[in-house]
Amino acid sequence: ACPVLLDGRPVLACLLLAREAEGRELLTIEGLAQAHVAAGGQGADALQEAFDRCGALQCGFCQSGMILSARALLARHPAPREDEVRQALSGNLCRCTGYTQILQAVALAVAEACGQPAPRRAWEPAAPPGEER
């Protein structure tokens, strides 16, 4: 629940001594939208938007860790495979068991960043045979 990005890498803030962050780039979930806007974007970060659209925001316990861990992954690898996303998020626990929506949110953010169609979400019906979504 406590990850932050330190020089672009996820670290546990609850185990980080303040002096270890001195002079380094520290990004929290609260600063993510501001960083997105400072980089030329508008509104919230694409991952924050995707989490909202996919229903991946439930109790909020894991939200910051999941989003920041995913942001660090996408900064290193803009189009990761699902197993790479799972690995990057593996240190975060979701109390609400919203893992499906969380993985779909990351997939949605990746698809939109790459100009690909949005993946089907778990609650959406599959397209009938011969018909594309």
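User: Is the crossing of α3 and α6 left-handed or right-handed?

Analyst: Please keep in mind that this is a predicted model. Helix α3 covers residues 46-53 and helix α6 covers residues 99-113, and the two pack with their axes 8 Å apart. Their crossing is right-handed.

User: Are α3 and α6 parallel or oblique to each other?

Analyst: Two packed helices are described by the angle between their axes and the distance between the axes. For α3 and α6 the angle is about 130 degrees. Angles over 145 degrees would count as roughly antiparallel and 65 to 115 as roughly perpendicular, and the pair is therefore oblique.

User: Which residues of α3 make the contact with α6?

Analyst: On the α6 side, the contact is made by Ile102, Ala105, Val106, Leu108, Ala109 and Glu112. By class, the contact of α3 with α6 has 9 nonpolar, no polar and 2 charged residues. The residues that α3 brings to this contact are Ala46, Leu47, Ala50, Phe51 and Arg53.

User: Which residues does Phe51 touch, not counting residues up to four places away in sequence?

Analyst: Phe51 belongs to the largest nonpolar core, which has 27 residues, and is one of those that touch the most other members. With residues up to four places away in sequence not counted, Phe51 touches Ala56, Leu57, Met66, Ile67, Ile102, Ala105 and Val106.

User: At roughly what angle do the axes of α4 and α5 cross?

Analyst: The contact is made by Met66, Ser69, Ala70 and Leu73 of α4 together with Glu84, Val85, Ala88 and Leu89 of α5. The axes of these two helices come within 9 Å, and they cross at roughly 130 degrees.

Conventions. Residues numbered from 1 in each chain as written. Predicted model: local features only at pLDDT ≥ 70, side-chain atom pairs only at ≥ 80, totals over all residues. Heavy atoms only, no water. Axes fitted to C-alpha atoms, helices over the stretch in contact; angles between N-to-C directions. Helix = DSSP H or I, 4+ residues; strand = E, 2+ residues; numbered from the N terminus. Parallel < 35°, antiparallel > 145°, perpendicular 65-115°, else oblique. Left-handed = near helix turned anticlockwise from the far one by under 90°. Contact = heavy atoms within 4.5 Å. Nonpolar A, V, L, I, M, F, W, Y, C, P; charged D, E, K, R; others polar. Core = buried A, V, L, I, M, F, W, Y, C linked by side-chain atoms within 4.5 Å. Buried < 20%, exposed > 50% of the residue type's maximum accessible area, 1.4 Å probe, protein only.
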